[in-house]
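Let's take a walk through a protein model together, one piece at a time. Have the sequence and the 3D view open as you read.

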Amino acid sequence: MESIPSYVEWTFVGIVVSVLTFIVYAFKVVFPARKNLTLFIVILTSWIFLISIQTVFGFFEDFSFPPRLMIYVGIPVLSTIILLLTPHTRKFLNEMPITTLHYIHIIRVPVEMVLWWLSIFSVLPKELTFEGSNLDIISGISAPFAAVFLVGRQGKNRIGAILWNLFALGLLLHIVYLAVSFTPYFYEASQNTPANTGIFYFPYILLPTFIVPVVFFSHLAALNQLIFKKYQSQF
């Protein structure tokens, strides 16, 4: 996508690095051994590298069925569900700093800015931005307030935190549904509304294959703590 300015690409790369830093910190708090953290970092960076290399070579530009992108989105999502359904790993995830699991959602604000820029350059439908049907920016704006006043040192409100996570998770699932419906798998572009093709190119492919799964994981991990254990503020 040569028509996209470099500042859009670099902004998105910064978002990816920020998300990686957040999630690595969250796991660093609970990993008992340094080698386990190193292994986790290797797995994450290898996943990002694998997706990036395949994207550069046009792997995801094949829109035949089964949808390649959906398979790569499903792998981390399914892994998250398995982790939370397994008693041993669920107990381990309960020790993650819950404020970090809320602060991480701040990145949804710059993500929305990138989506808006991509819509300006007609590689993303306007419906997927805050000017259309995407209200996910609300989650990003409210995330620091949730971290500070619902699960942080300034206040603890378990019910409020649960409701916030459910609301923000709903917004996430809503935009994911819209984004999928506008992909070339299911939508034929028109003169006024382009298909959602921007996410099939590097580095934006990391939105559905890395950033969204991490955000999804953060919500489920936080809800698991809020519902099943007493938590302490950590950040």
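Start with two helices, H8 (158–181) and H9 (206–228): their axes come within 10 Å and cross at roughly 155°. A helix here is a DSSP run (H or I, at least four residues), numbered from the N terminus. The axes are lines fitted to C-alpha atoms over the stretch in contact, and angles run from 0 to 180 degrees between N-to-C directions. Because angles over 145 degrees count as roughly antiparallel, H8 and H9 are roughly antiparallel to each other. On the H8 side, the contact (heavy atoms within 4.5 Å) involves residues including Trp164, Leu169 and Leu172. From H9, Phe216, His219 and Leu223 are among them.

Before going on, a word about what you're looking at. This is a predicted model, where local features need pLDDT of at least 70 and side-chain atom pairs count only at pLDDT 80 or more, while totals for chains, interfaces and linings use all residues. Residues are numbered from 1 along each chain as its sequence is written, and side-chain values use heavy atoms, with hydrogens and water left out. The pLDDT is the predictor's confidence in each residue, from 0 to 100. For this protein the mean pLDDT is 89, and 94% of the residues reach 70 or more. Over residues 231–235, though, the pLDDT is below 50, and this stretch has 24 contacts in the model beyond near neighbours in sequence.

Now look at the loop between H8 and H9, where you'll find Pro203. Is Tyr204 buried or exposed? With a relative accessible area of 3%, Tyr204 is buried; the cut-off for that word is under 20% relative accessible area, using a 1.4 Å probe and protein chains only. Tyr204 and Ile175 are 29 residues apart in sequence and 16 Å apart in space, C-alpha to C-alpha.

Next, jump back to H1, residues 6–30. Helix H1 has 25 residues and reaches 37 Å from its first C-alpha to its last, close to the 36 Å expected at 1.5 Å a residue. That expected span is 1.5 Å times one less than the number of residues. Buried residues of H1 include Phe12, Ile15, Leu20 and Phe27. What covers the buried residues of H1? Helices H2, H4, H5, H6 and H9 are included in that cover.

Gln54 is found in H2 and is buried, with a relative accessible area of 17%. Which residues does Gln54 touch, not counting those up to four places away in sequence? They are Phe59, Phe60 and Tyr72. Just after H2, Gly58 takes a positive phi of about 80°.

One more pair to finish: H6 and H7 pack at an angle of about 155°, with their axes 7 Å apart. That makes H6 roughly antiparallel to H7. Arg108, Val109 and Glu112 of H6 make the contact with Ile137, Ser139, Gly140 and Ile141 of H7.

Definitions and conventions:
Buried < 20%, exposed > 50% of the residue type's maximum accessible area, 1.4 Å probe, protein only. Parallel < 35°, antiparallel > 145°, perpendicular 65-115°, else oblique.
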